Amino acid sequence: YVAKYSDETKTLSLYPRKFANNSDQPSSRKEVSVNPILDSIDLSTFDGRKALADFFSAQSGIPLACVTASTEKHQFGNTSSGWKKKKDTRTIHIINAATVREFSAAIGIPLNPTRFRPNIVVDGIPPWSEFS
């Protein structure tokens with residue numbers, strides 16, 4: 001999925017990721033569908049946060065909640081690039097524990113997903129599926 005946030009309307013839209021060969025399978029170029037799955041949801045409202053949580057709960061099969069920390073600007077993630085350009089960033093770093101385990105086995109070095117400083121660690125999905 002590709003998330004796009006509008007600074008103008010303060011809303012989030014979520015799009016399916018499609019590929020240049022017009023399928024769900026990777027090719028040399030990724031494209032974003034023009035039809036959003038979730039369109040212009042306002043995360044400052046209960047209904048907007050519920051819509052996002054319901055969508056990801058249905059996708060993952062796990063009950064989820066979308067929460068807000070405060071009205072103060074907050075930076076998730078390890079980078080200040082968004083902050084430098086716009087004085088705001090909404091980066092959330094998600095790690096798939098199965099991908100880390102497979103990578104760890106391939107390089108022969110034990111790795112813990114928290115080594116990559118994620119905000120969220122997911123497990124129970126196939127390795128590398130976060131890239132499809």
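## Helix α3 and its cap

N96 caps the N-terminal end of α3, with a side-chain oxygen 3.0 Å from the backbone nitrogen of A98. Polar contacts here are pairs of N or O atoms within 3.5 Å; within protein, one must be able to donate a hydrogen and the other to accept it, and residues adjacent in sequence count only if both atoms are side-chain atoms. This is a predicted model, where local features need pLDDT of at least 70, side-chain atom pairs count only at pLDDT 80 or more, and totals for chains, interfaces and linings use all residues. Residues are numbered from 1 along each chain as its sequence is written, and side-chain values use heavy atoms, with hydrogens and water left out.

Helix α3 covers residues 97-107, and its buried residues are A97, A98, T99, V100 and S104. Buried means under 20% relative accessible area, exposed over 50%, and partly exposed in between (1.4 Å probe, protein chains only). These buried residues pack against β6 (94-96) and β7, where contact means heavy atoms within 4.5 Å. Helices (H or I, at least four residues) and strands (E, at least two) are DSSP runs, numbered from the N terminus. Just after α3, G108 has a positive phi of about 75°.

## S129, after β7

Let's move on to S129, which sits in the segment after β7 (120-122). A polar atom of the S129 side chain lies 2.8 Å from the backbone oxygen of P126. The C-alpha atoms of S129 and N96 are 8.4 Å apart, although 33 residues separate the two along the chain. S129 is partly exposed because its relative accessible area is 25%.
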